[in-house]
Amino acid sequence: MSHLAEGRLVLLMIAGHLALRRRPDWGDICRLFARTTISTLLILILASTAIGLAADPETLTEYQIKAAFFFNFTRFVEWPEDAFATPTSPIVACIVGETPLTDLLTGVAQGKVVNGRAVSIIRVKPTDDFRACNLLFISEAAQRSTSEILARLKKTNTLTVGEIPGFPRAGGMINFSIQDNKVKLEMNLDATTRAGLKVNSKLIAVSRLFSPNSVAEDN
């Protein structure tokens, strides 16, 4: 993937942080990408540290920002070849628990293709079989099921994403946390490695790293 292409993708992650004065239209954002050459790494740093969530309802909400990040995990994480049945099998993103993320992700993913694959958004229950999920978002509403879900996914290639305090230490891979009114990323690289996933260094660079039963490592 070219640096320009990565820059366009990452802009989606932070478009909502830029104090837009009207509700964003994803088509407008995509047209903005086509004219943008800003440094990918700089954008990632801004996404993680520089710009907070705005209270103004005419700007992007917390969950719009989370949806943009979550969708772009499909571009910054590499799955093993055998994680997909065919070279064109869709990337399946599953969501557990009631959350605004479901509808937002459906809108973001509509018509998008990532490395030749469509992205499918599916709602699942805590008791469902998750083996077909390439990504799994465990919402705050499903927090009580977190330990059981993570235990069932230990020997899979599923990227687990949460919004739950202590999620990385519990074995989750990527967690959204709110700090100083900003959406930030926490990551357990041990868990991603065990799952056979390769995380892009640019995503690692803007995440606070955790290991099970350890304190965070400051980047």
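I take buried to mean under 20% relative accessible area, exposed over 50%, and partly exposed in between, with a 1.4 Å probe and protein chains only.

**Ground rules.** I am reading a predicted model, in which local features need pLDDT of at least 70, side-chain atom pairs count only at pLDDT 80 or more, and totals for chains, interfaces and linings use all residues. Residues are numbered from 1 along each chain as its sequence is written, and side-chain values use heavy atoms, with hydrogens and water left out.

**Confidence.** I looked up pLDDT, the predictor's confidence in each residue from 0 to 100, and found a chain mean of 77, with 69% of the residues at 70 or more. Residues 1-58 have pLDDT below 50, and beyond near neighbours in sequence this stretch has 97 contacts in the model, a contact being heavy atoms within 4.5 Å. Residues 214-219 are also below 50, with 17 contacts beyond near neighbours in sequence.

**Salt bridges.** I counted as a salt bridge a side-chain nitrogen of Lys or Arg within 4 Å of a carboxyl oxygen of Asp or Glu, and the structure holds four. In one of them, Lys 66 pairs with Glu 62, the closest N and O atoms being 2.6 Å apart. Both residues lie in helix 4, four residues apart, about one turn of the helix; helices here are DSSP runs (H or I, at least four residues), as are strands (E, at least two), numbered from the N terminus. Lys 66 is buried at 2% relative accessible area, whereas Glu 62 is partly exposed at 27%.

Lys 66 also meets Glu 163 in a salt bridge (2.7 Å, N to O). Glu 163 lies in the loop between strand 6 (159-162) and strand 7 (174-179) and Lys 66 in helix 4, so the pair ties together parts that are 97 residues apart in sequence. Both Glu 163 and Lys 66 are buried.

I then turned to Arg 123 and Glu 98, whose side chains meet in a salt bridge at 2.5 Å, N to O. Arg 123 is in strand 4 (residues 117-124) and Glu 98 in the loop between strand 2 (91-96) and helix 5 (101-109), so parts that are 25 residues apart in sequence are tied together by the pair. Glu 98 is exposed, with a relative accessible area of 58%.
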